[in-house]
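Take a look at the structure below. We will walk through it step by step, starting with its metal sites.

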Amino acid sequence: MDKYVCTLCGYVYDPAKGDPDNGIDPGTKFKDLPDDWQCPICGASKDDFEKQA
Amino acid sequence: MRPTKIAEGIYSVGVIDWNIRDFHGYSTDRGSSYNAFLIIDEKIALIDTVKKEFADQLIKNICDIIDPKKIDYLISNHTEMDHSGSLPPVMRAIGENKPLYCSKMGLKNIQRHFPQKWNFHAVENGEELCLGNKTLQFIETKMLHWPDSMFSYLKEDKILFSSDAFGQHYAGYEIFNDQVGEAIMPHAKKYFANILLLYAPRILKLVDQIAELGLKFEMICPDHGVLWRNNPSEIIDAYVKWSRQEGEKKAVVVYDTMWHSTETMAEAISSSIAEEGVAACPINIRNSHRSDIVTAVLDAKAVIVGSPTLNNGLFPTVSDFLTYMKGLKPQNKIAAAFGSYGWSGEAVDLINKEFESMKLEILDPGLKIQYVPDNEAMDACFQFGKKIAKAVSR
Ligand SMILES: [Fe+2]
Ligand SMILES: [Fe+2]
Ligand SMILES: [Zn+2]
């Protein structure tokens, strides 16, 4: 599963880990995150993320 | 400096750091200040503290106005230590159990700085705190410039306490922008270029958000330098302009040199750019601080970088500059590389690689000259400059 990087702060969304602090279960693909999901570090929106090379 | 009343019931109680010349690698030739604000109403709030070395001065300033024990709330807009460093002595002075307001990221970050289990209150974005006749509203400004950063807005007085945003590293007895005049802008610009440039897209979003919320500002009070009292929209407009990075008709030629060959090239390239009516600004890295160089780059349409090849690599000062500039994520710029070399000449390609990773528009594969530029090489430099000037003018 692809990881995605926040272009604002550098946080990496790792689908294997999810974002449990914000109710995202491990195993959730980036594209399946809710549209209003935000970067847990800086609050950037999903379209501020890029697929990790 | 002694506390100053800035509006009815509102005092600036911060301190001046006259002697700081290096602020985490940013050259502060005019020192700085750490501003803090006391709001006196039915309830009393202190917004931000100062660098820890200045805690006694801050507490003394507060004591000139009220007994610190009367403070009801401490508001921490930002966790960086120039504003949080005095939290321990200030909390002791006002009472360890008093509520400490901060953003949600502030809560996490303050706990990463201090072991004390203070009475934290992490605010929701837009949350309000009523002080009696005055109301504070908190606005999350994540990554402007830390995850914890927030603004506090005093609704009735229309005063924005903006933390680091709109600040300037400037030490002086002047309190307000109109007391310094236009001379404050270069300091505000340098602050933006070094601290905020990489968050330009976020700044543009925030300015839109402020407009949507219909917020009006009578005064903007940053945590460094003068307060924007006279026409505060001037600094907001400047932030919008700098964030857009449209680039003026200007090329900055940044270089270092070993035996003056790369320097000779830099000067030839610059003078050729200038002949075409484009402002050209040659900067020898070793005579300028990196924080001043990126300030010059901020509003330039082109950034041209020259390096000799040393031991098959970049000259170290050029690497330093490129690393620093890359972190600040400049956008919409034309770039080109040049340099003199002895036998291998890797530097130009290495500069291009950095330009590529910064997603700058590389205008030319770059100009390499072996050893000392001869007439033919000088001509190549002039042609190179012309090509740059043409691209800047298009
Ligand atoms: Fe800061
Ligand atoms: Fe600061
Ligand atoms: Zn982020």
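Start at the iron ion (ligand 1). Four residues coordinate it: B:H78 through NE2, B:E80 through OE, B:H145 through NE2 and B:D164 through OD. These contacts span 2.0 to 2.2 Å. Keep in mind that this is a predicted model.

Now look at the geometry. The four donor atoms of the iron ion (ligand 1) make angles of 92 to 164°, and the site is irregular. Along the chain, its donor residues follow the spacing H-x1-E-x64-H-x18-D. B:H78 sits in the loop between strand 9 and helix 2 of chain B, while B:D164 sits in the loop between strand 15 and helix 5 of chain B, so this pair ties together parts that are 86 residues apart in sequence. Are B:H78 and B:D164 buried or exposed? Both are buried.

The iron ion (ligand 1) and the iron ion (ligand 2) lie 3.6 Å apart. Which residue coordinates both? It is B:D164. This residue has a relative accessible area of 1%. Buried means under 20%, so B:D164 counts as buried.

The iron ion (ligand 2) has its own set of protein donors. They are B:D82 (OD), B:H83 (NE2), B:D164 (OD) and B:H224 (NE2), at 2.1 to 2.2 Å. Their spacing along the chain is D-H-x80-D-x59-H. The four donor atoms subtend angles of 85 to 168°, which makes this arrangement irregular. B:H83 lies in helix 2 (residues 81-84) of chain B and B:D164 in the loop between strand 15 (159-163) and helix 5 (177-180), so the two tie together parts 81 residues apart in sequence. B:H83 is buried as well, at 1% relative accessibility.

Now move to a sheet of chain B. Strands of a sheet pair through backbone hydrogen bonds, either parallel or antiparallel. Here seven strands form an open sheet with mixed pairing, in the order 1-2-7-8-9-10-11. Strand 1 (4-7) and strand 11 (119-122) of chain B stand at the edges. Each has a single partner strand, so one side of each is left without a neighbour in the sheet. On average, neighbouring strands of this sheet are turned by 25° against each other, direction ignored.

Zoom in on one pair. Strand 7 (residues 37-40) and strand 8 (residues 44-47) of chain B run antiparallel, joined over four bridges. One of the residues involved is B:F37, whose bridge partner in strand 8 is B:I47. Helix 3 (residues 87-94) of chain B packs on the sheet, touching strand 8, strand 9 (73-75) and strand 10 (99-102). The direction of helix 3 makes about 165° with that of strand 9 of chain B.

Definitions and conventions
Residues are numbered from 1 along each chain as its sequence is written. Chains are lettered from A and ligands numbered from 1 in the order in which they are written. This is a predicted model: local features need pLDDT of at least 70, side-chain atom pairs count only at pLDDT 80 or more; totals for chains, interfaces and linings use all residues. Side-chain values use heavy atoms; hydrogens and water are left out. Two strands pair if DSSP finds at least two bridges between them. Axes are lines fitted to C-alpha atoms, for helices over the stretch in contact, and angles run from 0 to 180 degrees between N-to-C directions. Contact means heavy atoms within 4.5 Å. Donors are N, O and S atoms within 2.8 Å of the metal (3.2 Å for Na, K and Ca); water is not among the atoms, so sites may look incomplete. Four donors count as tetrahedral if all angles lie between 85 and 135 degrees; four count as square planar and six as octahedral if opposite donors are over 155 degrees apart and all others between 65 and 115; anything else is irregular. Buried means under 20% relative accessible area, exposed over 50%, partly exposed in between (1.4 Å probe, protein chains only).
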